[in-house]
Each structure stands twice: as C-alpha cells, then as structure tokens.
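Have the sequence and the 3D view open side by side for this one.

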Amino acid sequence: MLSISSVTKKYGKTIANDNISFAVGDGQIGILLGPNGAGKSTIIKCITGLLRFSGRIEINGAENTSIEAKRQLGYIPEMPAVYDLLTVEEHLEFVRRAYKVEDAAYSQQLLERLELWDKKDKLGKELSKGMQQKLSIACALCHRPRVVVFDEPLVGLDPHAIKELKNIFRELKESGASVLISTHMIDSVEDYWDVANIMMNGRFAATKLNDGSEEQTLEDLFFQITEGNASAGNGVSL
C-alpha cells in the first residue's frame, strides 16, 4: 500500500504540493491527472525520495526514505536515465545485484516482452529514447516491487510496447501490487484505473472512483475542472 499524508512541498515561496493526502491500496491502480505544472511530477519525486517535503509518505507501512521501503518500490521516471557505457543486459544485472535478486529469468522475460532482448548487447548511449524508456521500465520491475510508480510511462513508446505495458499494469494489479500512474493522457489509462485524482495548482481538485457509474466520465470531469468550469482545488470526491 502507498500512503501519502499531508504532504507539502515548497520551492522558496512557491507551493508545488499543498497538503496532499491520498492512498493506493493493494491491488489498486491509482492515477494522477492534471495539466503541465499541476504538481504531479513533484509529488511523484516526493514519493520516490528524490525531494524533501513536509508530511509523511509510507510504502507498505515503512517510511518512504527507509531501506525497507526502497526494497519494495519501483520507479519509472518521465525521462529515462540510463548508463551510457552499460549494455542493456548489464543494466538489468546491475539492478538485480543492488536488490540481491539471483533469478535472471524474469529480467529476460521483461526484455523479450518489450522487444529488447535482441538489443541486450547494445550500450545505453546507442539506444533510442523509446528503447531507453523500455529499458527503464524493465529495470524498475525486475526486482518485482510491491509499489510501482510510473511518471508519464507511455510517452515515446511504440504501439507494441504500449500494449505490453498495459498488460503489465493489469498483471501488477492482479498480483496485489499498488500502482500509481501520473499522466496527462486520459485515454491511455481509461480501461483499468481504480481511483483517479485530478490536480490543479498543487492541490487535488477532484477524486473519482471507478465504480461503474456513468454519470460523468473521467474525461468530462477533467475538462470541467481544467477549463475552469468547476471550482478547482476544493477536493471534490465523486
């Protein structure tokens, strides 16, 4: 379970995240929606321990900056960061050693599914941006994390990789993992989310549960809020 309680992040006098609280339970997929600058990437970086903040974030009951929490966390950043002089296969070996994972079979399976196995001997600097993104996904998942955070994961991926990643989302959910996806591409997540949080100006403007109700679609709610036709920032729960 991923739990965020009263998290505030400031850059000088600018408040990027303003007293944010939410949770993603075991076997749930939560999504963060919002326009550029809404604060999505900031809360993601707070969760993954890349930024200091006030408040509390827990990963399966452990403080997010603890070793116990980091063992259970997988993070796919918006911009992939790979090592120029490591091959694709060496990236996975490096991560497995860091997490003390002996079985390499799952790593190979991930590379095969993402069509990277035939590129296993290529250096990081030789990969296209899309390939780097796929490698980043494989590295984040190879230790089988129980909480997985994706920041704009579908950007730059080819159709096959998008299809496989959506299958991976569903598999993570079925395995009981907690999955958080930050995106501004509503149509990319419309089939499988459980709870959606729409951000505006560093706050949650609305939270919507995927309970089968057709009273208002997620897309309609998103544009209602972001285009100024609703009172954004009031924390509406639907």
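**Ground rules**

This is a predicted model, where local features need pLDDT of at least 70, side-chain atom pairs count only at pLDDT 80 or more, and totals for chains, interfaces and linings use all residues. Residues are numbered from 1 along each chain as its sequence is written, and side-chain values use heavy atoms, with hydrogens and water left out.

pLDDT is the predictor's confidence in each residue, from 0 to 100. The chain averages 91, and 94% of the residues score at least 70. Residues 229-234 are another story: pLDDT stays under 50 there. The model has eleven contacts for that stretch beyond four places in sequence, a contact being heavy atoms within 4.5 Å. Where pLDDT is low, the predicted coordinates should not be read in detail.

**The open sheet**

Helices (H or I, at least four residues) and strands (E, at least two) are DSSP runs, numbered from the N terminus. Two strands pair if DSSP finds at least two bridges between them.

In what order do the four strands of the open sheet lie? The order is β2-β1-β4-β5, with antiparallel pairing. β2 (14-24) and β5 (62-63) are at the edges with a single partner strand each, so one side of each has no neighbour in the sheet.

Helix α1 (residues 40-47) packs on this sheet and touches β1, β2 and β4 (54-59). Its direction makes about 115 degrees with that of β1; axes are lines fitted to C-alpha atoms, for helices over the stretch in contact, and angles run from 0 to 180 degrees between N-to-C directions.

Now zoom in on β1 (residues 2-11), which pairs with β2 in the antiparallel sense over seven bridges. K9 has N17 of β2 as its bridge partner, and Y11 has T14 of β2. The two strands form a hairpin with two residues between them. β1 also pairs with β4, again antiparallel, over five bridges, and there I4 stands opposite I57.

**Some positive phi angles**

Most residues other than glycine have a negative phi, and most peptide bonds are trans.

| Residue | Where | Phi |
|---|---|---|
| N19 | strand β2 | about 55 degrees |
| G12 | turn of the β1 and β2 hairpin | about 65 degrees |
| G176 | after α6 | near 95 degrees |

S6 counts as partly exposed, at 39% relative accessibility. The cut-offs are these: buried means under 20% relative accessible area, exposed over 50%, partly exposed in between (1.4 Å probe, protein chains only).

**Helix α5**

How many of the 13 residues of α5 are buried? Eleven of them are, so the helix is largely enclosed by the rest of the structure. Among them are G130, Q132, K134 and C139. What covers the buried residues of α5 (129-141) includes β6 (73-76), α3 (88-98), α4, β7 and α6.

The expected span is 1.5 Å times one less than the number of residues. For the 13 residues of α5 that should be 18 Å, and the end C-alpha atoms are 19 Å apart, which agrees.

**Helix α6**

The same check works here: the 16 residues of α6 (residues 159-174) should span 22 Å, and the end C-alpha atoms are 23 Å apart, which agrees. At its N-terminal end, D158 caps the helix, with a side-chain oxygen 3.1 Å from the backbone nitrogen of H160.

The buried residues of α6 include A161, F169 and L172. What do the buried residues of α6 pack against? They meet β3 (29-33), α4 (105-113), α5, β7 (147-151) and β8 (178-182).

Two residues are worth a click. E164, in helix α6, is buried with a relative accessible area of 14%. Not counting residues up to four places away in sequence, E164 touches R113 and L114. I168, also in α6, is buried with a relative accessible area of 3%. Leaving aside neighbours within four places in sequence, I168 is in contact with L110, R113 and L141.

How values were computed
Polar contact = N/O pair within 3.5 Å; in protein donor to acceptor, adjacent residues only side chain to side chain.
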